[in-house]
Amino acid sequence: MRKWLNSAGHAIRGIKFLIGTERNFRIELVCALAAILFSIWLQISVLEWCIILLCIGGVLSAEAINSAIERMADFQSREQHPDIKMMKDISAGAVLIVAILSVIIGLLIFGQKIIDKIVEI
């Protein structure tokens, strides 16, 4: 149990570091909070909650991995190198893919429900 708690402590420190240093991670946290608030307001189903939470986890995890790859690449060489640039671009592209798909999923889940709420008003 002690080993697990140590591992969890390292992970929490990493998350705090991301929040403190990575602007995109903070933006994605705000979007995650908005998705959670929409989910509560629109009273989505348990299955829809699962999908929304998986999207949030996917985007935040992808951003964390991207940040780690970028830091590792910068640690390897601060000089401009086309291979390092490509690695960083690829990892950023992975975040973009997950984020775009999450937005599409959010529109599919929230879209009609939001329209229905607006019509009610």
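**Entry 1: Glu 48**

The model is predicted, so I read every value as computed from it. Is Glu 48 buried or exposed? Its relative accessibility is 18%, so it counts as buried; the cut-off for buried is under 20%.

Next I checked its polar partner. A polar atom of the Glu 48 side chain lies 2.8 Å from the backbone nitrogen of Ser 45. Leaving out residues up to four places away in sequence, I noted that Glu 48 touches Ile 109 and Lys 113.

**Entry 2: aromatic rings**

How many aromatic pairs are there? I got two. In one, Phe 38 and Trp 41 have ring centres 6.2 Å apart and planes at 55 degrees, so I logged the pair as tilted. Both residues sit in helix 2 (residues 23-42), three residues apart, which means about one helical turn separates them. Phe 38 is partly exposed at 35% relative accessibility. Trp 41 is partly exposed too, at 40%.

Then I took Phe 38 with Phe 110. Their ring centres are 5.7 Å apart and their planes at 35 degrees, so this pair is also tilted. Phe 38 belongs to helix 2 and Phe 110 to helix 4 (residues 82-120), so the pair ties together parts 72 residues apart in sequence. Phe 110 counts as buried, at 8% relative accessibility.

Which residues do the ring pairs link into a cluster? I wrote down Phe 38, Trp 41 and Phe 110.

Conventions
Residues numbered from 1 in each chain as written. Predicted model: local features only at pLDDT ≥ 70, side-chain atom pairs only at ≥ 80, totals over all residues. Heavy atoms only, no water. Buried < 20%, exposed > 50% of the residue type's maximum accessible area, 1.4 Å probe, protein only. Polar contact = N/O pair within 3.5 Å; in protein donor to acceptor, adjacent residues only side chain to side chain. Contact = heavy atoms within 4.5 Å. Phe/Tyr/Trp six-rings, centres within 6.5 Å; stacked < 30°, edge-to-face > 60°. Helix = DSSP H or I, 4+ residues; strand = E, 2+ residues; numbered from the N terminus.
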